[in-house]
Amino acid sequence: MNLQLLGAGNCDLSMQGYEDIVECPYNRAHQIMSFRMQTHLYKCRKNHKDLKFVKCPFNETHDLPEPELKYHKTVCPDRETFDRYKYCIRTTAATFVAEQDHATEEPRASYGMDGDADEETWDQYGKVKAYNPRAYASRHAVIRKCTGMAPSEKKAFKEAERKRLADLGNRSGQNAENN
């Protein structure tokens with residue numbers, strides 16, 4: 001049999017799509033593709049309940065022994081992403097926000113590291129009536145659908161809609177003549 005057809009002649013694993021293989025923390029013999037790691041860990045945790053592993057707060061696929069967690073938190077490669085999100089660190093042109101004229105702006109609330117400094121309250125605007133799409137559609141020239149109705153109800157609804165749209169058309173025509 002030709003070994004070249006089986007791929008035995010080509011030992012470069014990166015050429016075959018194995019460049020992102022990760023080792024399972026529960027069993028070093030398990031070599032898993034990185035995108036499948038979360039599914040694998042779910043199954044492997046069930047089989048190794050005797051091992052006391054904790055999850056990294058920055059990445060759910062980082063399971064490690066509890067004594068190593070403190071050190072791992074300082075060197076975790078996913079911490080950068082978390083810090084960028086938490087502290088709104090802008091690193092790319094896509095996240096650039098144009099500066100505004102600060103002289104006309106009111107001072108904004110400052111948020112500290114813990115995030116509980118001056119909190120924004122939406123209650124200051126008072127009570128606002130909820131938006132009712134049916135009420136809006138009944139007062140404006142909007143085509144409405146009749147779904148989930150019996151045939152007789154559909155017929156009555158369509159007739160009422162014709163009258164409603166005709167009345168709305170007459171009102172808008174009268175308003176145009178008055179102006």
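Biologist: Does Ile 143 count as buried or exposed, and what is its relative accessibility?

Modeller: In this predicted model, Ile 143 has a relative accessibility of 78% and therefore counts as exposed, since the cut-off for that class is over 50%. Ile 143 sits in the loop between helix 5 (133-139) and helix 6 (151-178), and its C-alpha atom is separated by 8.4 Å from that of Leu 165, a residue 22 positions away along the chain.

Biologist: How many aromatic pairs does the structure hold, and why is the pair of Tyr 131 and Tyr 136 called tilted?

Modeller: There are 3 aromatic pairs in the structure. For Tyr 131 and Tyr 136 the ring centres are 6.3 Å apart and the planes stand at 50°, so the pair is tilted, because planes under 30 degrees apart would count as stacked and those over 60 as edge-to-face. As for accessibility, Tyr 131 is exposed, with a relative accessible area of 62%, whereas Tyr 136 is partly exposed at 35%.

Biologist: What volume does the largest pocket have, and which residues are the closest to its centre?

Modeller: The general idea is that a probe the size of a water molecule, rolled over the atoms, shows where empty space is left. Here the largest pocket has a volume of about 310 Å³, and of the 14 residues that line it, Glu 23, Cys 24, Pro 25, Thr 61 and Asp 63 are the closest to its centre.

How values were computed: Residues numbered from 1 in each chain as written. Predicted model: local features only at pLDDT ≥ 70, side-chain atom pairs only at ≥ 80, totals over all residues. Heavy atoms only, no water. Phe/Tyr/Trp six-rings, centres within 6.5 Å; stacked < 30°, edge-to-face > 60°. Buried < 20%, exposed > 50% of the residue type's maximum accessible area, 1.4 Å probe, protein only. Helix = DSSP H or I, 4+ residues; strand = E, 2+ residues; numbered from the N terminus. 1 Å grid on protein atoms, 1.4 Å probe; cavity = no way out; pocket = protein on both sides within 12 Å on 5 of 7 lines; lining within 4 Å. Points joined across faces, edges and corners; volume = space filled by probe spheres on them.
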